[in-house]
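Hello,

Please find the structure below. My notes on it follow.

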Amino acid sequence: MDNATLPSKCPGYNLYIDGFQALRRPQVLQTSKITHVVSVIDWKFPQGSAPLRGFQHLHIPLDDVYDSNILAYFPRSNAFIHQGLNYWPKTASDNARESGVLVHCAMGVSRSATIIIAYLMWISRQPKTISQPQTTSKSSSPSDSSTPEMVSLPPTPLTVDTALALLREARPQVEPNSGFIKQLRMYEAMGCPTTQEQLESHKIYRRWMNSRNVMDALSSNRAPEMADITFRDEEDDSDDDDNKLTKNLNNLDLSSPDSGITNPDISVSSPSDTTPLPSPEVELKCRKCRRLIAKSNFIIPHKPPPHRDPSADTSAEPCAHIFLHPLSWMKDTLAQGGLDGRLACPNPKCGANIGKFAWQGLRCSCGGWVTPGFGIVRGKVDQVRSAQSRARGAVAANNNGAGAAGGNLNDAVRLPPSMRRAASTNNGNL
Ligand SMILES: [Zn+2]
Ligand SMILES: [Zn+2]
């Protein structure tokens, strides 16, 4: 038999990867003890399709494109592959009855590899209890020969990169598309959930689905549905979780390479953006009425575009705007369904015009774009320490005569460079 026609076997498993051509040789599959087939391809298999006769079949109809949601299939494909690999209970006396799984797409490069990598990551996180092979030698102690000893092995979780490297040992040309790699990294960041419910209720997944829906709406020039907007101040997790998650997500660039999207709700700021977030203990308050507008952990850092003319040094000018995540006080405004509009102070007795929003993005005075943009005019708010922070005896910085509790903290609090200069400078153009 010509070896080139054999599907590639993933080391350590009876798990094979190939392109569509593998289905043309069902006898070869049977020789490899393949009992289960996963087809990751948008193709109509005729009922009782001849090549698949005699195999258990899972069909995942999906194109090999950046934004196909392959992540949603991982719980199903993992369960199917796992069942396939353990189809015949292994017994010492019946080694012949092995089972195996073939995962194929069109070329055996992107979709099928993604499904296998997800399985390898998931299975590597399951606690393993293996039975010591029964000794055939009569010389072993009697207690050993009667019952096989169960041994628990600690899981050694694979990462996307180590699982990919393992699969490439079998098939060097394996190369999931960049969108699939990002989804695999999300799956890893979530800890490789087993069930559909665990996956779909995970915060990372929900945020991602929301942002996909928002992008869908924007690409057809509609304002997003309220249900698809993630309001950061309504998420129930502790700060610790949130910080960890933000860090995880910041390591993933979920935006398409050319989208220029910087809002972490829609995508994620690029890993190269190392602008530190200001301390969560700083608050933005309406300059007119002192109503809390946002804590600084809801501020989205941004940068001027890299292609900016270096001779035009405007570094002395602070950004005129502070960009926020969508926050629950914006709901009434956003519910009106406009693609852009004014943001007013949420205090009904004040209602001062403090900024504007545009789902398609806002351009800051520094030239940087934030998309979607929820921009507060710097001069309409004061940056003050939170009450808890002051209570802990932090250095008060209200010696500038601003008169407001907490004062103006431009020098006392560590802020991103773009925020360091006086909030009093303001061109009011937003
Ligand atoms: Zn106000
Ligand atoms: Zn700016």
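Helix α2 has 12 residues and spans 16 Å from its first C-alpha to its last, close to the 16 Å expected at 1.5 Å a residue (the expected span is 1.5 Å times one less than the number of residues). Helices (H or I, at least four residues) and strands (E, at least two) are DSSP runs, numbered from the N terminus. This is a predicted model: local features need pLDDT of at least 70, side-chain atom pairs count only at pLDDT 80 or more, and totals for chains, interfaces and linings use all residues. Residues are numbered from 1 along each chain as its sequence is written, and chains are lettered from A and ligands numbered from 1 in the order in which they are written.

Buried residues in α2 are Phe74, Pro75, Ser77, Asn78, Phe80, Ile81 and Gly84 (buried: 20 or more other C-beta atoms within 10 Å of the residue's own, with C-beta atoms placed from the backbone). Of the 430 residues of the protein, 36% are buried.

The open sheet has 5 strands in the order β1-β2-β5-β3-β4, with mixed pairing (two strands pair if DSSP finds at least two bridges between them). β1 (8-9) and β4 (56-60) are at the edges with a single partner strand each, so one side of each has no neighbour in the sheet. β1 pairs with β2 (residues 15-18) in the antiparallel sense over 2 bridges, and Lys9 stands opposite Tyr16 in β2.

In total, the protein has 11 helices and 16 strands.

Regards

Technical notes:
A residue is buried if 20 or more other C-beta atoms lie within 10 Å of its own, exposed if 12 or fewer, and partly exposed in between; C-beta atoms are placed from the backbone.
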